[in-house]
Structure formats: C-alpha cells, structure tokens
Amino acid sequence: MSPPLIRVFQDEDYDEVREVYSTGFGEHLNAVCIQTLRQTWVQLALLVFLWGVSSLSGSLSFAGVSTALLVLAGREGVRYLFNQGIRLGLREDLLDVRASYMQEGAVSCFWVAESQGRVVGTVAILPAPSQPGAWELKRISVRREVRGRGIAMALCGTALAFAAARGVKDIVLYTSMLQTDAHKLYHRMGFHKIEEFLWPSLPARLINFMVYKYGYRVHAGQEAHSENEHYTKSQ
C-alpha cells in the first residue's frame with residue numbers, strides 16, 4: 001500500500017473528518033467505564049446496593065443480577081456523556097472546519113491524511129488561547145485500521161513544520177490519561193509532559209479523570225527538514 005497523502009482540508013472532506021473524530025472519541029468508552037469502576041466510592045456504592053437488594057429480597061442471585069443491571073445502566077449513562085462530548089467537540093471547531101482553521105490570513109490550518117480515496121487521519125494547529133505566543137496541536141486522530149504506519153507522526157510533523165515556518169517556538173497539546181498510545185507518540189516526537197490536571201467537569205472529577213498538557217520546543221530549520229516531508233503534498 002502506498003503512503004497516504006497529507007494535504008490541506010477540502011470542503012468535500014467534511015463528513016469523513018467528522019466520522020474520524022467521532023469514531024476515535026467513542027473508542028475510549030470502555031476505558032472510561034473501567035476507570036469509573038476503579039473508584040472506591042463506586043465500588044462501595046455497588047456493594048451497598050448488592051447488600052441492600054439481597055437483604056430485601058432474600059436472594060443473593062437476584063441481588064447479583066440487579067447489580068449487574070445497575071452497572072449496565074451506568075455504562076449507558078457514560079455512553080450518553082460520550083455522545084454529548086462528541087457533539088460539544090463538533091460544535092467547538094468541527095462544525096465549520098474552514099471557518100475555524102482556514103480563513104484567509106489566519107495563522108492556523110487543518111490537514112487530512114488520504115489513503116485510497118478516503119480520509120484516514122486528521123490534525124490541526126492554531127494559536128493556543130491558554131498560552132500566548134504558543135500554538136496548539138489539535139484533532140490528532142487516525143482510523144484504527146491504519147494505525148501503526150506512521151500516519152499520526154506524519155500529520156503532526158506537517159503541522160510542526162507549518163508552525164516552524166511561521167517562527168513559532170512553542171507548541172502545546174492536550175490529551176487524556178486514557179490515550180496511552182498517543183503519549184508514546186508524543187514522547188517519540190520530542191514532546192514532554194508539563195502539566196496534569198482534573199478535567200473541570202463534575203462527571204470527570206467524580207472518576208478522577210486526568211488531562212495531560214504536553215509541550216514541544218520547535219528547533220531551528222524544522223520547516224525545511226520535516227522527517228515526514230515525503231508524505232506531504234505541496235499546496
């Protein structure tokens with residue numbers, strides 16, 4: 001299979017970009033459910049529920065089934081929150097990619113990786129609202145079936161070279177505690193973790209859901225020596 005083409009977003013990519021984002025986001029549902037079940041207060045609540053139903057019904061098997069149904073109901077609650085998160089992300093910047101990243105004169109851009117006529121990955125970069133002078137790498141996502149082929153590194157390399165060509169020195173990105181494969185990629189590329197914090201929403205705080213902030217220092221000449229240059233189509 002030939003290497004994917006890294007190119008700037010086009011309007012006809014819109015539906016596939018949304019699909020790549022939504023699918024990638026949804027992949028973490030099981031991990032969040034496991035993280036929830038690891039919390040001491042959740043385990044205690046389930047034990048109390050099990051004991052209470054068993055005491056009232058006089059049947060341990062009935063109590064066990066009831067507890068299992070409660071866990072399944074909790075999973076559906078997490079799924080609902082995930083769907084809300086997907087909608088929030090789409091509204092934030094993916095509802096209109098061109099307006100968010102590619103207005104004329106804007107110092108930002110959005111790229112896709114294309115393979116065999118379909119979008120298989122995305123990345124974007126723009127000035128970081130939380131850190132003046134730095135730029136933020138966003139929407140890094142690759143379809144599961146084509147991972148392990150260097151596509152994410154090629155996408156990120158393209159974005160970093162874009163920033164370097166414009167004199168940017170500092171790049172940041174945010175990722176969750178669950179994205180362990182992504183953490184390995186960022187370390188290989190030279191990013192380092194500079195901060196970790198609880199995501200500031202009540203559900204996230206209840207399950208101790210951590211977000212990591214990574215930083216990267218752009219080195220001189222990176223715009224001319226991107227190791228991923230062979231993937232990229234000139235625009």
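Buried means under 20% relative accessible area, exposed means over 50%, and partly exposed lies in between, with a 1.4 Å probe and protein chains only. Q116 has a relative accessible area of 70%, so Q116 is exposed. This is a predicted model: local features need pLDDT of at least 70, side-chain atom pairs count only at pLDDT 80 or more, and totals for chains, interfaces and linings use all residues. Residues are numbered from 1 along each chain as its sequence is written, and side-chain values use heavy atoms, with hydrogens and water left out.

Q116 sits in the loop between β2 (109–115) and β3 (118–127). Helices (H or I, at least four residues) and strands (E, at least two) are DSSP runs, numbered from the N terminus. The phi of Q116 is positive, near 55 degrees, and Q116 is a residue other than glycine. R139 is not a glycine either, and its phi is positive at about 55 degrees. R139 belongs to strand β4 (residues 135–142). Its relative accessibility is 18%, so R139 counts as buried.

## Packing of α3 and α4

Two packed helices are described by the angle between their axes and the distance between the axes. Helix α3 (residues 40–57) packs with helix α4 (residues 60–94) at an angle of about 140 degrees. Their axes are 8 Å apart. That makes α3 oblique to α4. Axes are lines fitted to C-alpha atoms, for helices over the stretch in contact, and angles run from 0 to 180 degrees between N-to-C directions. Angles under 35 degrees count as roughly parallel, over 145 as roughly antiparallel, 65 to 115 as roughly perpendicular, and the rest as oblique.

Which residues of α3 and α4 meet? From α3 come L46, F49, L50, V53, S54 and S57; from α4 come L60, F62, A63, G64, S66, T67, L70 and V71. Contact means heavy atoms within 4.5 Å.

## Aromatic pairs

The structure holds 10 aromatic pairs. One of them joins Y101 and F110: 5.4 Å centre to centre, 55 degrees between the planes, tilted. Rings of Phe, Tyr and Trp (its six-membered ring) pair if their centres lie within 6.5 Å; planes under 30 degrees apart count as stacked, over 60 as edge-to-face and the rest as tilted.

Y101 has 1% relative accessibility, so Y101 counts as buried. F110 counts as buried too, at 0%. Elsewhere, ring pairs link Y186, F191, Y214 and Y216 into a cluster.
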